[in-house]
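Here is a short briefing for a reader meeting this structure for the first time. Please keep the sequence and the 3D view at hand while reading.

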Amino acid sequence: MASPTRFTLTEHSPTLWRVTFDNPPVNLIDSTMTSELDEVFTRAEKSDRVAVIVFDSADPEFFIAHYDLSAKDELDHVLAHPEEVHPYTALLTRLTKLPFATISSIRGIARGAGSEFLLATDMRFASLEKAVIGQFEIGMSAIAGGGPATRLPGLVGRGRTFEILYGGLDLDGARAEQYGYVNRSFPDAELDSFVDELATRISSFDLQTIRDVKRFVNVATLRPDAEFKDQMDAFWAAVNRPAQQHVAGKLFEAGLQQRSELERDLPQWVTRFQYSAGAGEGQ
């Protein structure tokens, strides 16, 4: 495969790989990142040696900010081809089923599609001081499209899923651990060493046994793939409505997808531009 442009791929050994997101200014997910990750997954499966992939970020402030909301051509394509599964939905479904272990090491903001990505990995470990995780989409008059309504209940329970998706607020590392959003949170200085030790340990084990563990856990825990398509379809339908377009327009004017105070504190900013269905204006 060609060298990726949205992240770096480090092959620490034939059995242990690391994907480090590096897509300035705020590590957005876009169609290019999706296709490059898909190529990595294909290469890892064809190697028949990979036991673990760790995902982390080169940016201590942003793990993955969210999906690139500026892609108008993508919206046009989705609306014109409703029968297709969105590539990001397909990527996350594939990620959950990869025949080896996947670990998210979370330092910085992981909102929206960033949260959805880490939920699709097998294990999640977070920095107590620097992890910020959440689903802000309700503040933009949209459902979260990447499947958290399906993946979160099994991790945090029904009530906390509603709190996360209805509230649209961030969780810090301590609260994310308390709720079960992540496996564990560590003081920032200890995060890398723990993840490295765990990933190295797993990578030393028999590959067939790792595959068997993944297969049987997936049988017990995964929901039907169709649920994920329905959620992504609902997200793109929302993007085409005046309510979402109003809030998104105001957010872009204020610094969305730039290295800005808005991106650092997005759940509070979206409430400033709420759409009024009667007046068609923000409050």
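The points below cover a helix pair, a pocket and a cavity.

This is a predicted model. Helices α5 and α6 pack with their axes 7 Å apart. The largest pocket holds about 660 Å³ of space. The largest cavity holds about 170 Å³.

**The α5 and α6 pair**

- Helix α5 runs over residues 148-156, and helix α6 over residues 158-167.
- The two helices pack at an angle of about 135°.
- Angles over 145 degrees count as roughly antiparallel, and 65 to 115 as roughly perpendicular. The pair α5 and α6 is therefore oblique.
- The crossing of α5 and α6 is right-handed.
- On the α5 side, P148, A149, L152, P153 and V156 make the contact.
- On the α6 side, the contact is made by R158, R160, T161, I164 and L165.
- By type, the residues of this contact divide into 7 nonpolar, 1 polar and 2 charged.

**The largest pocket**

- The volume of the largest pocket is about 660 Å³.
- Its lining counts 27 residues.
- Nearest the centre of the pocket lie D122, V217, N218, T221 and L222.
- Several elements each give at least two residues to the lining: α3 (87-97), α4 (113-120), β6 (123-134), α5 and α9 (207-221).
- The lining of the pocket divides into 12 nonpolar, 8 polar and 7 charged residues.

**The largest cavity**

- How many cavities of 30 Å³ or more does a search of the whole structure find? The search finds 1.
- About 170 Å³ of space lies in the largest cavity.
- A set of 18 residues lines the largest cavity.
- Y67, L69, A113, E137 and F235 lie nearest the centre of the cavity.
- Helices α4 and α10 (226-239) each supply at least two residues of the cavity lining.
- The largest share of the cavity lining comes from α10, with 3 residues.
- The cavity lining divides into 10 nonpolar, 6 polar and 2 charged residues.

**An element in both linings**

Technical notes
Residues are numbered from 1 along each chain as its sequence is written. This is a predicted model: local features need pLDDT of at least 70, side-chain atom pairs count only at pLDDT 80 or more; totals for chains, interfaces and linings use all residues. Side-chain values use heavy atoms; hydrogens and water are left out. Axes are lines fitted to C-alpha atoms, for helices over the stretch in contact, and angles run from 0 to 180 degrees between N-to-C directions. Helices (H or I, at least four residues) and strands (E, at least two) are DSSP runs, numbered from the N terminus. Angles under 35 degrees count as roughly parallel, over 145 as roughly antiparallel, 65 to 115 as roughly perpendicular and the rest as oblique. A crossing is left-handed if the near helix is turned anticlockwise from the far one by less than a right angle, and right-handed if clockwise. Contact means heavy atoms within 4.5 Å. Ala, Val, Leu, Ile, Met, Phe, Trp, Tyr, Cys and Pro count as nonpolar, Asp, Glu, Lys and Arg as charged, and the others, Gly among them, as polar. On a 1 Å grid over the protein atoms alone, a cavity is a set of points where a 1.4 Å probe fits but cannot get out, and a pocket is an open set with protein on both sides within 12 Å along at least five of seven lines; lining residues have an atom within 4 Å of a point. Grid points are joined across faces, edges and corners, and a volume is the space filled by probe spheres set on the points.
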